[in-house]
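Subject: Structure handover and findings

Hello,

Here is the structure for you to look through. My notes follow below it.

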Amino acid sequence: MTSKMRLYLHRMHQLDSNVCVAVNHTSRYKLVRDGFRMVSRLGDGVFWYVLMTTILLIKGSDGLVPVLHMGLAGLSGTLLYKWLKGKTLRPRPYEVRQDIWLTGTPLDKFSFPSGHTLHAVVFSTVAITYYPQLSIVLLPFTLMVGLSRVVLGLHYPSDVLAGALIGVTLAMLSFLVI
């Protein structure tokens, strides 16, 4: 690796880390902290299970293919992100920087990529493809899930961006299979 490349990567890491601190410090406000804790908790799966159940209740058997599609794409996301976390072993921001405030509960040890964001993007992309009218709810919620992970001190912005890119890629690839 050239010295220019090393310098570029160092600067990108510094930017990622500094943005992480700035966004994380918004958690000093109780309303922000509590709101993003709730969003993050819903993003643990609760929101997506309720969405899939609601689709089945409203659409009946017509909702079966979209719900199964969401479930299979989500399962693929789980397998991939767990494998990636085991390979990259990136520590969470609060473990590296003393000025990151942990205000959420980590579900596992490592940071890269953000599984919450990956799943939010996978589920939203698949659901919106079948039901575009859901975008008014799913797009803002998905953005909030990704932001919550940085606000709570659990992920760097690059973890969230990687999770989103992986999520949209998996969702798009899933349409080639289903």
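Helices here are DSSP runs (H or I, at least four residues; strands are E, at least two), numbered from the N terminus.

Before the rest, two notes on the source. This is a predicted model, so local features need pLDDT of at least 70 and side-chain atom pairs count only at pLDDT 80 or more, while totals for chains, interfaces and linings use all residues. Residues are numbered from 1 along each chain as its sequence is written, and side-chain values use heavy atoms, with hydrogens and water left out.

**Nonpolar patch**

The patch covers about 850 Å² of surface. Its members are Val 65, Leu 72, Leu 75, Leu 79, Leu 173, Leu 176, Val 177 and Ile 178. At least two residues come from each of α3 and α7 (157–177). Ile 178 sits in the segment after α7. With a relative accessible area of 46%, Ile 178 is partly exposed. The accessibility classes are buried (under 20% relative accessible area), exposed (over 50%) and partly exposed (in between), with a 1.4 Å probe and protein chains only. Areas come from the Shrake-Rupley method with a 1.4 Å probe, and for residues only the protein chains shown count as cover. Patch residues have over 30% relative accessible area and no salt bridge; nonpolar side chains (Val, Leu, Ile, Met, Phe, Trp, Tyr) are joined within 5 Å, like charges within 9 Å.

**Salt bridges**

How many salt bridges are there? The count is nine. The rule asks for a side-chain nitrogen of Lys or Arg within 4 Å of a carboxyl oxygen of Asp or Glu.

Take Asp 159 and Arg 90. Their side chains form a salt bridge at 2.7 Å, N to O. Asp 159 is in helix α7 and Arg 90 is in the loop between α3 and α4, so the pair links distant parts of the chain, 69 residues apart. Both Asp 159 and Arg 90 are buried.

Arg 92 pairs with Asp 108 in another salt bridge, and the closest N and O atoms are 2.6 Å apart. Arg 92 is in the loop between α3 and α4, Asp 108 in the loop between α4 and α5, so this bridge ties together parts 16 residues apart in sequence. Arg 92 is buried, at 1% relative accessible area. Asp 108 is partly exposed, at 28%.

Arg 37 and Asp 34 make a local bridge. Their closest N and O atoms are 3.5 Å apart. Both lie in helix α2, three residues apart, about one turn of the helix. Arg 37 is partly exposed at 37% relative accessibility. Asp 34 is partly exposed too, at 29%.

**Aromatic pairs**

There are six aromatic pairs in the structure. Rings of Phe, Tyr and Trp (its six-membered ring) pair if their centres lie within 6.5 Å; planes under 30 degrees apart are stacked, over 60 edge-to-face, and the rest tilted.

Trp 48 and Phe 123 are stacked, because their ring centres are 5.4 Å apart and their planes are at 25°. Trp 48 belongs to helix α2 (residues 30–59) and Phe 123 to helix α5 (residues 115–130), so the pair ties together parts 75 residues apart in sequence. Trp 48 is buried, with 1% relative accessibility. Phe 123 is buried as well, at 8%.

Tyr 130 and Tyr 131 form a tilted pair, with centres 6.4 Å apart and planes at 40°. Tyr 130 is partly exposed at 28%, whereas Tyr 131 is buried at 10%.

Ring pairs also join Phe 47, Trp 48, Phe 123 and Phe 141 into a cluster.

**Two loop residues**

Where is Arg 97 found? Arg 97 is in the loop between α4 and α5. Its side chain makes polar contacts with the side chains of Ser 17 at 2.6 Å and Asn 18 at 3.3 Å. A polar contact is a pair of N or O atoms within 3.5 Å; within protein, one must be able to donate a hydrogen and the other to accept it, and residues adjacent in sequence count only if both atoms are side-chain atoms. Beyond its neighbours within four places in sequence, Arg 97 is in contact (heavy atoms within 4.5 Å) with Ser 17, Asn 18 and Val 21.

Leu 89 lies in the loop between α3 (64–88) and α4 (93–96). Leu 89 is partly exposed, at 45% relative accessibility. Leu 89 and Lys 109 are 20 residues apart in sequence, and 8.3 Å apart in space, C-alpha to C-alpha.

Best wishes
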